[in-house]
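Me: I have a structure open and would like to go through it residue by residue. Can you take my questions as they come?

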Amino acid sequence: MSENRSELSLEAIAATRDRLGDNVITTPALRWQGDELHRIIGSNSEIYVKLELFQRTGTFKARGAMNVMQHLSDEQLQRGITAVSAGNHAIAAAYCAHQVGTHARIFMPKVAKPLRIARARSYGPEIILCDTQTEMFERAEQAEEEEGRTFVHPFEGPLTVQGTATAGLEFSQQVPQLDAMILPIGGGGLCAGFASALKQAWPGVKVFGVEPEGANTMSLSFKEGAPVVLESVSTIADSLAPPRAEPYTFGVCRDVVDEIVLVSDEQLRAAMRTIFYDIKLAVEPAGAAATAALCGPLKGRFSGMRVGVIACGANIELSDFCQLTQTC
């Protein structure tokens, strides 16, 4: 990495993984040799997939949230935490708060998927449903100011990125050295951490970030040279649709991502089908983004290479999965 970020050194990432302990699991990795994938991209590349959807709470989010909470003082733990999320981060924040013995107040939109609300509630937090995103953030800020709660950000900050980097460190120890890695970018927390670990383990690896066409916040930020805010976003990959980039995560992504490509909603749907047919897993749209890029805008660029992708989330209603993947 071009900047000296000691919190993202391999030594610091390894120490973080040890500290996280059994609160997160080492998710499996496999070589993808399915007929459907070979039909689409050919069989002369080696594709390896990190199955992070098997992580506790169903996504990588527990890694960053747990790392943040493990750094709270006893006094901070007594005051509790707060978070804002439409789903995956809410579930992870609730789980982590339960594990460390603190109270969580989590603000979610009323339009959040019932499955995600129910899974978050299962860990015992206080869930407050809000009409707008603005209301969610205002009430979380109020909880910080009036009660001294710690705001646990879904993707921004050194501790969050350090936590997600543990997934990249694991992957580097599970598969042969890769020529390229494809990672989804929403706010960039996963991509920033995962890629930071890989770039140190394998200095020659090329990292490709993937964003939905309707939520291209990070690619626009790269072009502007600074974090941008979008007036609106539109994509089926709601987990990859923050309306703004944030300074720390943007800076790390800019340092470790070689190229960002965009995928359409239809490419995301097709990738969900491909993963289901070949690996027999039902992933949410965001969890299929890396595969969508491999089979879409990056198709044909990796002949004879070893390439990594990630399936990073599976918190999706069965009915929604069926509706999104139907072809007629």
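Me: Is Val111 buried or exposed?

Reply: Val111 counts as exposed, because its relative accessibility is 75%. Buried means under 20% relative accessible area, exposed over 50%, and partly exposed in between, with a 1.4 Å probe and protein chains only. Before going on: this is a predicted model, where local features need pLDDT of at least 70, side-chain atom pairs count only at pLDDT 80 or more, and totals for chains, interfaces and linings use all residues. Residues are numbered from 1 along each chain as its sequence is written, and side-chain values use heavy atoms, with hydrogens and water left out.

Me: Where is Val111 found?

Reply: Val111 sits in the loop between strand S4 (104–109) and helix H6 (114–121). Helices (H or I, at least four residues) and strands (E, at least two) are DSSP runs, numbered from the N terminus.

Me: And how far apart in space are Val111 and Leu129?

Reply: They are 8.6 Å apart, C-alpha to C-alpha, and 18 residues apart in sequence.

Me: Switching to charges. How many salt bridges does the structure hold?

Reply: It holds 21 salt bridges. A salt bridge is a side-chain nitrogen of Lys or Arg within 4 Å of a carboxyl oxygen of Asp or Glu.

Me: Which residue does Arg17 form a salt bridge with?

Reply: Its partner is Glu170, and the closest N and O atoms are 2.8 Å apart. This pair links distant parts of the chain, since Arg17 belongs to helix H1 (residues 10–20) and Glu170 to helix H8 (residues 158–174), 153 residues apart.

Me: Are those two buried or exposed?

Reply: Arg17 is buried because its relative accessible area is 14%. Glu170 counts as buried too, at 4% relative accessibility.

Me: Which residues are in the network with them?

Reply: Salt bridges that share partners join Arg17, Lys50, Glu52, Arg63 and Glu170 into one network.

Me: What about Asp238, what does its side chain meet?

Reply: It meets the side chain of Arg116 in a salt bridge, at 3.1 Å from N to O. Here again distant parts of the chain are linked: Asp238 is in the loop between helix H10 (217–224) and helix H11 (247–256), Arg116 is in helix H6, and they are 122 residues apart. Asp238 counts as partly exposed because its relative accessibility is 38%, while Arg116 is buried, with a relative accessible area of 5%.

Me: Now helix H7. How many residues apart are Glu135 and Arg139?

Reply: Four residues, about one turn of the helix, and both lie in helix H7. Glu135 is partly exposed, with a relative accessible area of 22%, and Arg139 is partly exposed at 32%.

Me: Where does Glu144 lie?

Reply: Glu144 is also in helix H7, which covers residues 133–147. Glu144 is partly exposed because its relative accessible area is 34%.

Me: Aromatic pairs next. How many are there?

Reply: The count comes to six aromatic pairs. Rings of Phe, Tyr and Trp (its six-membered ring) pair if their centres lie within 6.5 Å; planes under 30 degrees apart count as stacked, over 60 as edge-to-face and the rest as tilted. One of the pairs is Phe208 and Phe302, which is edge-to-face, with 5.5 Å centre to centre and 80° between the planes.

Me: Where are Phe208 and Phe302 in the chain?

Reply: Phe208 is in strand S8 (residues 206–212) and Phe302 is in the loop between helix H13 (289–295) and strand S10 (306–310), so the pair links distant parts of the chain, 94 residues apart. Both residues are buried.

Me: What about Phe276 and Phe321, what kind of pair do they form?

Reply: A tilted one, at 5.6 Å centre to centre with 55° between the planes. Phe276 lies in helix H12 (residues 265–279) and Phe321 in helix H14 (residues 318–325), so the pair ties together parts 45 residues apart in sequence. Phe276 counts as partly exposed at 38% relative accessibility, whereas Phe321 is buried, with a relative accessible area of 6%.

Me: Last one. What is the phi of Thr57?

Reply: Thr57 has a positive phi of about 75°, although it is not a glycine. Thr57 lies in the loop between strand S2 (46–50) and helix H3 (61–70), and is buried because its relative accessible area is 10%.
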